[in-house]
Each structure stands twice: as C-alpha cells, then as structure tokens.
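Let's take a friendly walk through a protein model together. Keep the picture beside you and look up each part as it is named.

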Amino acid sequence: MATELLTHAKTGVIQMGWPKLYEAVAFKGNKDDDKSAKKDDKKKNESTPAYGFPVLLDKDDPDHMRTVRILQKLSKNAEANAIALKKWGKKDRIVSNDGLKDADEDEILDGDKTVLMTDKYPNRANHFYVNFSRSSKAGRPGIRYIDDEGILRELPEPILGTKEDIQAAQANLNDARAAYATADEDAREEAKTLVLEATRNLEEAQERDAKAKEVKVLWDKLVYPGQNVQASVTARAWKTQTGSGVSYRLDNLTIVGGGVRDGSFEYDEDFTDEDIEALIAWRDKHVNAKPSKADDEAALLADTDFDEADSDDEVDEDTGEIAVKPRRKAAVSRRRPKPVEVEDDDVDEDEDEEEAPRHRPKKTSSWGRRKPAPVEVEDDDVDDEDYPDMF
C-alpha cells in the first residue's frame, strides 16, 4: 500500500474574515426551500453547527500566494489519497468541487443561475477565496494569541448560557421565598435552608456571568475580521450522492495581532487635534454658556413685535399665544400723522396703507366698535421640485 500523502500544513500569515469561533454556527438552507420542504426534509437544509472563518488571498501578495500553493498541494494530495483508498473513482477528481476558489474564474450559484464569483461578490476580484471550518462535533479549534509582550497565551474558552442560568436561579429563589412565606412552624426551618441555597446559587450564577463578560471582552479585542492569524488546516476529500470535493478543516489557530478591523477606521484618522479644539469651542459656546435673566429678557424684547396699543391683548399663560382683541375706533387726532415707510418687497401699489398709532387711542362708545377685518396671509410660492431636499 502506498504511503498516504501529506494533507496537513500551516498557512502563512493571513487575514481572518468574519469569524465563527466564539460559538459554533449552523448554516441554514434557503428560507423559501424551508417553507416548501416537508418536516423530515427540513433537517437536511440545516448543517451541523461549525466553527471557522473565510479568507481572501490577494493574487498580488507574495505571502498570500505562498498559502495558495500550500492549499493547492494539500488538495491534490487529498484527492490522490481518496483514489488510492478507493473512496474516489478517477471521475470524481474531474468533477470534484475544490474549497479553494479562484474568484475571477470559478462559478457559484446565485439563486437559480450560475455566475462568476466576482459577479456576485465584486470585492473578491483578483483574489482566491477559501473557507476554513470545523464541525462542532470535533470541538472548538485550539486558539492561542501573542500578547503585547510577545508571550504566547491560550485564549480562554467562552462561557455560554449565563443569562439563562441567572434567570433559572432567580426563578428558583422566588419559589423558595414563596414557600418559606407560607410554611408552617414545622416546615419553616427546611424552607429557610432552601432559600439560603437558592440565594447562593443565584450569586454563583451572577459571578459566572461576570467572568463570562470579561472573557467576551478579550475575545472581541482579539478575534475580529481583518485580524492577522496563522492557521493549521487539513485538506479532506469527501463524496456524497450529489458530488465530491475537497474542504479544509481548521485545526489550530494563532492570533498574531496588529490587524486592522475590517470596515473600520482608526480614530486618529477621523478626528485630528484641530477637530477636537473646534468641538471644545462649540461646546463652550452652545452647551456651557449660561445666559443671564437680563439676556433672556433682552432677547424676548428683540423678537417681539408689539407697541403700546396692543397692551390690552390677552396672553395665554400656558401656551404664550396672544389673543388679539378688536380695536376701538381712535379719536381724530389734530396732529398730522407721519407717512408709513414701506419697503419695496412685493407690495401692491393699489393696496391701502394703514397708519401706525403713536399713542393709546381714546375710548369711544360701544356702538362705534368695528370688528377688525381678518388678515389674509398668502402662501409662499414654493415649488417642491425647486427644493427637493426640503421635503
């Protein structure tokens, strides 16, 4: 029997895509397929939960292309081993589906049609694409990281389910307290013991949740798309009723550090010292400024258009609205009133101009009152199409 060819190796330094490492995630089939599928067939549309992440390998990056050649060699070895072990026929190699894709040449499904990978994912142009995965049945891959001091450390295992544990412990404590409240003298001591035990269980669940949050913070700091990593993988040939192919199992992972989070920008690139100084000046002017009461009164007077003749108008104390009372007919003044100066802003020359009162008019008898004519306000001639951003 021929010696089995090597199918396990380490990659070069690569950049991790969106990771599924904190918790295994199951791939679900198309939603439309799920709706039409029978109950027995729905399980087939959902894969076993798995860990892993995708990788884009730049064709212009020599280090990335070194990893491409490693994966290609592992893939050929896996196919040769499958044929040697009679798990594959020679035709399986011809029609096999390799997990390493040339995004510029390989086709993928897009709904009911087949398209180039770059047609569906333009960002993958000039790249190879591969997905490293590991079934949850095999357990989480070994993950370690290099800290800021250059020391290799093991990334702690995530602590899952703490929220549910706290809810269950709280419910048990509530039940124990209720039982204690209704217990008779003979059962009170036992009920008290149950309350104390439930209290300790809740405290332990809360401590475990606090520890889980600390671990999650470290994971979020180190495990993200764009992080520099080196992986060890194993190429595996597979065959099903629908076809054959080669996939890459993720075995272990070293987080190198120093990666740039995908889709993110460094803070110092967005906000310079000049930006911060301008923001401080804005805050001092708008937020920290404390106008005096005199300033408020002066602003009110400046924004209010009234004269002494309007002093009888009623002001609503709640809303601040002014209810204008009908004006009494003013007595004839012996003084000749000054003409009203009118600005040339869309004024019709045929309209009558009213005199501006200079002092409070004398009261006349009630029969001389006239109801003021309503003021007609013309709509502004604003065309929605002229100002599309306003609406």
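In which loop is the place of N126? N126 sits in the loop between α5 (117–120) and β9.

## Before we start

This is a predicted model, in which local features need pLDDT of at least 70, side-chain atom pairs count only at pLDDT 80 or more, and totals for chains, interfaces and linings use all residues. Residues are numbered from 1 along each chain as its sequence is written, and side-chain values use heavy atoms, with hydrogens and water left out.

## The overall picture

The protein has ten helices and 15 strands. Here helices (H or I, at least four residues) and strands (E, at least two) are DSSP runs, numbered from the N terminus. Of its 391 residues, 24% count as buried. Buried means under 20% relative accessible area, exposed means over 50%, and partly exposed is in between, using a 1.4 Å probe and protein chains only.

A contact means heavy atoms within 4.5 Å. Among the contacts in the protein with a separation of 6 or more, 69% are between residues 24 or more positions apart.

With a relative accessible area of 29%, N126 is partly exposed.

K86 also has a positive phi, of about 60°, although it is not a glycine. You can find K86 in the loop between α3 and α4 (90–95). At 75% relative accessibility, K86 counts as exposed.

## The nonpolar cores

In soluble globular proteins, nonpolar side chains tend to be buried together. A nonpolar core is a set of buried Ala, Val, Leu, Ile, Met, Phe, Trp, Tyr and Cys residues joined through side-chain atoms within 4.5 Å. The largest one here has 36 residues, of which L21, F53 and F132 touch the most other members. Elements that each supply at least two residues of this core include β3 (20–25), β4 (50–58), β9 (127–135) and α7. Helix α3 gives the most, with seven residues.

Leaving out residues up to four places away in sequence, F53 touches several others, among them I14, W18, L21, F132 and L253. Apart from this core lies another, of seven residues, including A169, L173, L202 and A205.

T67 is found in helix α3, and at 1% relative accessibility T67 counts as buried. Residues up to four places away in sequence aside, T67 touches T11, G12, I14 and L57.

Y22 belongs to strand β3 and is buried, with a relative accessible area of 19%. Y22 and Y51 are 29 residues apart in sequence and 8.1 Å apart in space, C-alpha to C-alpha. Among the residues that Y22 touches, not counting those up to four places away in sequence, are R140, P158, A212 and W219.

## A pair of helices

Two packed helices are described by the angle between their axes and the distance between the axes. The axes of α6 (residues 162–182) and α7 (residues 185–222) come within 8 Å and cross at roughly 165°. Axes are lines fitted to C-alpha atoms, for helices over the stretch in contact, and angles run from 0 to 180 degrees between N-to-C directions. The helices α6 and α7 are therefore roughly antiparallel to each other, a term for angles over 145 degrees. By class, the contact of α6 with α7 has 14 nonpolar, six polar and seven charged residues. Ala, Val, Leu, Ile, Met, Phe, Trp, Tyr, Cys and Pro count as nonpolar, Asp, Glu, Lys and Arg as charged, and the others, Gly among them, as polar.

Note on methods: Parallel < 35°, antiparallel > 145°, perpendicular 65-115°, else oblique.
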